[in-house]
Amino acid sequence: MSWPEPSGVEGVASTDRRSGAPPSQTVGKREALELFRGLPRRYDALSAALSFWQDPRWRRALVSAVAPRAGDRVLDVATGTGMVAAELLARADCSVVGIDQSAEMLAAARRRFAAEPGSRVELIEGQAEALPFADESFDALTFTYLLRYVDDPAATMRELARVLRAGGRIASLEFGVPPWAPARAAWRLYTAIGLPLLGRMASREWFEVGRFLGPSIRAFYERHPLERIADYWRQAGLEDVQVRRMSLGGGVIMVAGKGAAAAAGDR
């Protein structure tokens with residue numbers, strides 16, 4: 001089991017690209033944003049350790065799935081501290097735009113890339129429901145731990161697909177609930193007891209996140225089963241949607257491509 005990317009919580013940093021007005025922010029989003037505000041300083045190390053080092057493995061698999069190529073312009077949504085963005089750059093001579101609603105997480109990402117002169121990363125404060133980019137602006141797109149924190153996952157998928165060029169690839173990483181009964185029982189025990197206890201040893205903020213995570217994941221899949229999420233991708237014009245469960249189902253990677261017909265429909 002791993003930790004949620006705090007950046008997935010959508011905020012009010014940017015405006016709706018159609019109306020010019022800030023998208024509404026629900027009470028749940030505000031509470032989640034506040035919950036994650038104190039995490040960036042040790043986020044990378046603790047998210048790895050408390051996931052038994054599965055979270056970094058999942059992120060590497062995410063980047064392998066999207067397969068960046070030299071010269072690609074890649075959008076990393078909910079970039080957080082920049083872990084996926086850094087992996088994208090390590091895999092290919094591409095450029096990366098990282099977008100996140102959390103100023104605190106972006107500050108950590110900027111510290112990461114400040115140590116790399118000439119880094120091909122642009123970091124922007126914004127949100128997934130209203131991306132500040134033109135149609136078909138990117139060759140590839142990644143997002144991590146995002147859909148649990150948006151009010152309308154289907155609409156968010158349409159917005160993500162909008163900025164992807166025809167023929168481009170999109171991949172996501174999200175938590176899963178293991179389908180195998182023994183693994184699911186262990187997952188429930190860990191998320192109910194293990195995460196809060198271990199989080200308490202780290203800080204009050206991590207304790208609160210530990211209490212939040214398991215119920216959040218379960219509630220999300222009760223509303224949006226994995227098969228329905230794959231349908232959201234298809235309805236957004238994405239093709240050949242593939243789902244890969246990792247770590248007995250504790251992590252889920254999805255990948256797809258955008259067809260020419262979908263791109264024509266965007267216009």
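Phe-220 and Tyr-221 are both buried in this predicted model. A search of the whole structure finds five aromatic pairs. In one of them, the rings of Tyr-145 and Phe-175 have their centres 4.0 Å apart and their planes at 5 degrees, so this pair is stacked. Tyr-145 belongs to the loop between strand E4 (138-144) and helix H6 (153-162), whereas Phe-175 belongs to strand E5 (residues 164-175); the pair therefore ties together parts that are 30 residues apart in sequence. Tyr-145 has 0% relative accessibility and thus counts as buried. Phe-175, at 0% relative accessibility, likewise counts as buried.

Phe-220 and Tyr-221 also form an aromatic pair, but with edge-to-face geometry: the distance is 5.2 Å centre to centre, with 70 degrees between the planes.

In soluble globular proteins, nonpolar side chains tend to be buried together. The largest nonpolar core of the model comprises 67 residues, and those with the most contacts inside this core are Leu-75, Phe-143, Met-157, Ile-170 and Trp-233. Helix H3 (residues 54-66) supplies the largest share of this core, namely six residues. When neighbours within four places in sequence are left aside, Leu-75 is in contact with Val-97, Ile-99, Leu-131, Phe-133, Phe-138, Ala-140, Leu-141, Thr-142 and Val-163.

Conventions
Residues numbered from 1 in each chain as written. Predicted model: local features only at pLDDT ≥ 70, side-chain atom pairs only at ≥ 80, totals over all residues. Heavy atoms only, no water. Phe/Tyr/Trp six-rings, centres within 6.5 Å; stacked < 30°, edge-to-face > 60°. Helix = DSSP H or I, 4+ residues; strand = E, 2+ residues; numbered from the N terminus. Buried < 20%, exposed > 50% of the residue type's maximum accessible area, 1.4 Å probe, protein only. Core = buried A, V, L, I, M, F, W, Y, C linked by side-chain atoms within 4.5 Å. Contact = heavy atoms within 4.5 Å.
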